[in-house]
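Thanks for coming, everyone. I'll walk you through one structure today, piece by piece. Please have the viewer open.

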Amino acid sequence: MRRRTVYLLIFILALFGFALWSVVPLDKNVFGREGLRLGLDLKGGSYLVYQADLSDVEPGAEDEIMEGVKGVVERRINALGITEPVVEIQKHAGEYNIVIQLPGIADIEKAKDMVGLFTVLEFREQDAAGNFTIPATGVVGNETLTLSSRYFKENTEVAIDSLGEPFLIFEMDETGAQLFKQISTRLLGKQLAIYLGDEPLRGEDGQMIAPVVRAVIEDKGQIEGLSLTDAQELSRVLNAGRIDVPLGRWVDEEFEPSVPLYERTVDATLGADSIRKSILAAGIGIALLLIFMLVYYRLPGLVACLSLGVYGVVLLAIFKLVPITLTLPGLAGFIVSLGMAVDANVLIFERMKEELRGGRSLAAAVEAGFSRAWTAIRDSNITTFIACIVLFWLGGTMGAFMVRGFALILFLGVALSMFTAITVTRTFLRLIVGSRVVTNLSAYGVTSLQTVRNTK
Amino acid sequence: MIDFVGQKRWFFLISWILVIIGIASLIVSQIQLGTPLRLGTDFAGGTSMTLQFSPAVEQSRLREEMAKLGHDKATIQNAGEGNFIIHTEEITSDEAQELAEELAAALNAQVEVVDYYLASATVGAATARSAVIAVIVASVAMLLYIVWAFRRMPKSFRWGSCAVIALVHDVFITVGIFSLLGLLAGVEIDALFITGLLTIVGYSINNIVVVFDRIRENKARGISSDFGVTVNSSIVETLGRCLNTSLTTLFVILALFLFGGATIHNFVLVLLLGVIIGTYDSICVAGPLLVVWEKGEWSSLVPWAKRPA
């Protein structure tokens, strides 16, 4: 038995042991990962895609504005008390989409109402009871205007003073300077709160952000006493709030605000049902597969089953540890990849049989089987990789989040199956052949009277 | 030894029949539905929802009630266990909820919207365009890869072309069958259909490459001066592997098809058809096609033409 084989065996057992340890039980906390990350179609929840109307935004500023819009949307969703929402910006062919994932049972109508709102922040002052109900207004020209993020210049930023305390510097445009002068003169020593729709902005600590007016502000001003995170967030939403960026969708050349481009809501019971059915199907399929391999390939078939076991457990561990979001098609992809993963083994065993029939010794047949099947394994799997890459691109161009999941899982599955076939199966076979435990050719699926010359 | 190459006229004839049925179905569908395939929500836009009835109701009764409520153009698919997948023009989730309540009252059953899905028509058009581009890009990428992988062979472009022709043939037959199912059974195609299609593109090329790889090896060893014989022995030698791999894959796909639930039923059906057609094609079409090209026996491609004397 060669030393290399032993090292490989140790490596495989260690890998398998680690993978098994990290997935059993499935909800065990490993490096902060608890359980498999399930897509909305499996655990229930909503998926919304909105287009952004950036027609009022000057070219070049889109990325920054969208970051701010994302921050605004996140705030609104968080205000609904939904756990682990995901808000992402998707940029595709010059169009900007906001993708929102809301896991679990959510009041989707409420969420949609919130998201469709404008992004401009408004300032409010206290009423007699001390509540912030009155919009802070002033008169410019002949119009009564509310002080809002619309009148801020785009250069609101965070600075740090000599004591290391962060503060926000902002500049107002012409109208804003007149407005702020009137308001700050009137409210000197009082608080101003910042509202997004009907929700006040809150800091990390959950307290309302309501700075006290310390001086008359005209074209420039600053806000102190914020934490660094709050200051950064506030500068982002103020910059984004300069311009209304309605979320909705384009229909022909018309913009329909508040209507999502794409919306999917799956009930958790349907998701649970899908999981149950997939597991049943996987169980039956795998059982048939294992029986077939054992009956047809005998001892090598058993080895293939073992290596398939390693494959399944390691892939599950990868899903959990990366983590990869498992969707229903992804789950199907995983199950189909189990069937395909046997392919490399089959290629090798067929080669081995041919070599055995050709009169080679067992050890030589194993080696020849592997080395000669390699080009076919490599070439054939690369084509599947190409298909996966194209699919991944396709999945990125549209709302169908499931396509990407499938492509990713198939890609990982095929890559891993090459590894298990080449490394795991070969190591096991070398061990069995090298230890001369089983030398009867019929155990290898070859019915021949030829004697076995088992050379080391 | 089975003579696959010798029987190539028959195989080509079978392929032609399947392709022609597919084309006929695509044309009929174009005339009747306005599109070659019945488009699902992903491509046509609109709202698709899964309604769960307890107790289960008859599909015909549901159709009647839907028509009464003004949804006479809705596509209704029975997904089993009291679930129906309904594709209508665009309605909001509020309206879907109302519809469910109206159906509950009319059919005297509990109705729940377990899956609500809205896609704007504009997304649908963009998705359809991306899907077509994806299939073309994938095919060209496969062609280039095979030309590269077989670059040491004289005329490697032929190998790539034959593989891609065989591949397009698989895709075409699968698309044709789905067009027919759309006409006969109301089966709609969605983004997952394209996903399945691209998966079988990868899978089918995979099989063809294994056969071609053996032809490459046998040609290098010079087992016969006749290219037809070389190809045929290569097909026979790889037959066990091709059938076994397809079988193991079919086991799991069939299990998913029978027990995996309605949501991915059509997706799994694409894979099922694709694996069967892909296996047939790698054994009976791709190799013989290469022989036809090498030997210039173009007349065998049109089996109904007279055999040369």
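**A walk through chains A and B**

Start with one residue pair: A:Arg124 sits opposite A:Pro135, which belongs to β7(A). Keep in mind that this is a predicted model.

Now zoom out from that pair. Strand β6 of chain A, residues 121-126, is joined to β7(A) by 3 bridges, and the two run antiparallel. In general, strands of a sheet pair through backbone hydrogen bonds, either parallel or antiparallel. How many strands does this open sheet of chain A have, and in what order? There are 4, ordered β7-β6-β12-β13, with antiparallel pairing. At the edges are β7 (132-135) and β13 (199-200) of chain A, because each of them pairs on one side only.

Next, the domains. Chain A is split into domain 1 (3-39 + 267-444), domain 2 (45-116 + 248-265) and domain 3 (121-240). Between the C-alpha centres of domain 1 and domain 2 of chain A there are 39 Å.

Chain B is divided into domain 1 (8-35 + 123-301) and domain 2 (46-119). Their centres, taken over C-alpha atoms, are separated by 37 Å. Which residue counts describe the contact between these two domains of chain B? Domain 1 of chain B brings 5 residues, and domain 2 of chain B brings 8. On the domain 1 side, the classes are 2 nonpolar, 2 polar and 1 charged.

Let's move to the helices of chain B. Two packed helices are described by the angle between their axes and the distance between the axes.

Take α5(B) and α6(B) to begin with. Helix α6 of chain B covers residues 156-185, and its axis comes within 8 Å of the axis of α5(B), crossing at roughly 150 degrees. So α5(B) is roughly antiparallel to α6(B). The crossing is right-handed. From α5(B), the contact includes B:Val135, B:Ser139 and B:Met142. From α6(B), it includes B:Phe157, B:Trp159 and B:Leu167. Counted by class, the contact of α5(B) with α6(B) has 12 nonpolar residues, 4 polar ones and no charged ones.

Now the pair α7(B) and α8(B). Their axes are 9 Å apart, and the packing angle is about 135 degrees. The contact of α7(B) with α8(B) splits into 6 nonpolar, 6 polar and 4 charged residues.

Last stop: where the chains meet. The contact takes 61 residues from chain A and 57 from chain B. Which elements of chain B each supply at least two residues to the side that touches chain A? They are α4 (93-107), β4 (110-119), α5 (121-149), α7 (191-221), α8 (227-259) and α9 (265-284). That side of chain B has 34 nonpolar, 18 polar and 5 charged residues.

Strand β17 of chain A, residues 262-266, pairs with β4(B) in the antiparallel sense, over 5 bridges. Look for A:Tyr262: opposite it, in β4(B), stands B:Ala119.

That's the tour. Over to you for questions.

Technical notes: Residues are numbered from 1 along each chain as its sequence is written. Chains are lettered from A and ligands numbered from 1 in the order in which they are written. This is a predicted model: local features need pLDDT of at least 70, side-chain atom pairs count only at pLDDT 80 or more; totals for chains, interfaces and linings use all residues. Two residues are in contact if their C-beta atoms, placed from the backbone, lie within 7 Å. Ala, Val, Leu, Ile, Met, Phe, Trp, Tyr, Cys and Pro count as nonpolar, Asp, Glu, Lys and Arg as charged, and the others, Gly among them, as polar. Domain bounds come from an automatic or database domain assignment. Axes are lines fitted to C-alpha atoms, for helices over the stretch in contact, and angles run from 0 to 180 degrees between N-to-C directions. Angles under 35 degrees count as roughly parallel, over 145 as roughly antiparallel, 65 to 115 as roughly perpendicular and the rest as oblique. A crossing is left-handed if the near helix is turned anticlockwise from the far one by less than a right angle, and right-handed if clockwise.
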